[in-house]
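Biologist: I am new to this structure and would like a close look at one part of it. Please take me through the aromatic pairs and the helix that follows from them, step by step.

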Amino acid sequence: MTTKYKIIVSFVVMTVIIGGVSVLGYVSLDTASSSFMEYRRLARLDVIASDIVAGQHQAAAAMRQFRLEPHKPEHMDAVVRILLDDRKLAEEALTIMQAPETIALGDSIKKGTDDQIGLDESYKVTMTDFMDLYNKTVQPNNRAVGAELAAVAEMSAEAGNVPALLTTALALKDLAWYRSAVSRFAFTRTPGDAKYTLELLDALNKAVAALSGSVVSEKGLVALAKLTTAMGAADKATRTMVDKGKEMDEVLASLVSLSRKVSKDGIDLNRQITVLRGRMGTETLQSNERGQKAMLAGSAVGMALAVLMSLAIVVGLVRVLRDTGGFADAVAAGRFDHQIKTREKGEIGGMIAAMRRIPDVLQTIVADYLDLEAKIKAGLLDSTGDAEKISGGFSTIIM
């Protein structure tokens with residue numbers, strides 16, 4: 001291979017190596033960039049999952065506040081707003097989720113918040129109906145029962161009916177216990193208090209029914225009829241209130257169950273993301289290590305090839321220069337038999353081939369010169385007259 005092609009091949013090889021190292025660097029950077037974007041995506045999902053769980057706790061706190069202050073529906077409005085925010089977070093999470101396990105959890109969270117919003121609205125309506133029933137129906141009916149019992153007691157006293165008066169007193173005692181229980185139930189709304197309220201209501205009904213056997217006066221019987229009517233209305237309203245409480249408990253139980261499920265899904269999502277982030281971190285480190293090793297190996301190989309090819313070119317040029325220098329020294333010393341040993345081809349080979357003809361030309365010139373000189377000395381030529389001829393002859397030989 002000629003020196004020209006060696007140089008061309010060297011430049012081509014170096015260009016390819018530089019390009020290869022650049023490609024390796026680009027791939028490494030692209031992988032690192034993709035890993036970084038994936039890590040950012042997972043970090044955002046992590047924040048979303050934590051916000052969803054926090055939202056569930058906030059909603060539960062607002063729900064408890066509403067149970068304590070049922071006359072303030074703004075607490076339930078706050079619950080719905082929080083759940084709507086959780087739903088938006090779940091929708092955002094679904095737009096950036098890729099792993100099947102996280103998508104399943106995101107769908108479950110979104111569905112759970114949708115169900116929660118519907119149940120919260122139902123609970124708000126049921127609670128409002130429950131409290132309205134207590135304040136607008138049960139309490140007035142209870143007061144009416146108390147007023148009618150007092151009227152029966154008054155009539156019994158006027159008639160001197162001691163048994164009726166004693167029975168009325170017992171009924172008033174049962175009424176007091178019942179009203180206390182129903183008030184407690186209106187506040188706690190627990191199944192236990194509902195059961196206790198019904199037990200006391202049954203006792204009050206029996207006490208009122210017992211009056212029918214002891215009241216005998218006409219006025220007393222009129223008052224007893226009014227009491228029986230009032231007691232029937234109070235009984236119906238109380239049992240309706242208890243049924244509404246059971247309905248409310250069922251809704252609340254569903255809400256609690258849903259809240260726990262959504263919170264668990266959020267925690268599970270957070271755990272999944274933590275696993276994915278750890279895996280992504282490991283893969284990123286490994287990818288960076290592979291990229292660094294590949295770039296280092298490519299650079300080392302490129303440098304080694306560059307040094308070897310440079311040495312090959314330089315050694316070849318030095319050898320040519322050494323041979324041509326020795327040839328020039330030999331020709332200058334009159335040793336026209338010196339030969340250039342290099343076997344270079346191409347442009348340098350053409351130059352060396354031309355240099356190889358120099359000794360032959362010089363030998364011809366010298367031989368002609370010596371022949372002319374010999375003729376001049378022998379008198380065969382006139383040195384003055386033939387000087388121009390001799391000079392022309394030299395010029396012709398040189399040209």
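Modeller: Phe130 and Phe185 are both buried, and in this predicted model their ring centres lie 5.4 Å apart with the planes at 80°, so the pair counts as edge-to-face. Phe130 belongs to helix 3 and Phe185 to helix 4 (residues 162-188), so this pair ties together parts that are 55 residues apart in sequence.

The structure holds two aromatic pairs, and the other one, formed by Phe66 and Tyr123, is edge-to-face as well, at 6.2 Å centre to centre and 70° between the planes. Because Phe66 lies in helix 1 (residues 3-68) and Tyr123 in helix 3 (residues 100-159), the parts tied together by this pair are 57 residues apart in sequence. Phe66 counts as buried, with a relative accessibility of 0%, and Tyr123 is buried too, its relative accessible area being 0%.

Turning back to helix 4, its 27 residues should span 39 Å at 1.5 Å a residue, which agrees with the 39 Å between its end C-alpha atoms. Besides Phe185, the buried residues of helix 4 include Ala164, Thr167, Asp174, Leu175, Tyr178 and Val182. At the start of helix 4, a side-chain oxygen of Asn161 comes to within 3.1 Å of the backbone nitrogen of Ala164, a residue that is itself among the buried ones. Just after helix 4, Arg189 adopts a positive phi of about 55°.

Conventions
Residues are numbered from 1 along each chain as its sequence is written. Side-chain values use heavy atoms; hydrogens and water are left out. Rings of Phe, Tyr and Trp (its six-membered ring) pair if their centres lie within 6.5 Å; planes under 30 degrees apart count as stacked, over 60 as edge-to-face and the rest as tilted. Helices (H or I, at least four residues) and strands (E, at least two) are DSSP runs, numbered from the N terminus. Buried means under 20% relative accessible area, exposed over 50%, partly exposed in between (1.4 Å probe, protein chains only). The expected span of a helix is 1.5 Å times one less than its number of residues. A polar contact is a pair of N or O atoms within 3.5 Å; within protein, one must be able to donate a hydrogen and the other to accept it, and residues adjacent in sequence count only if both atoms are side-chain atoms.
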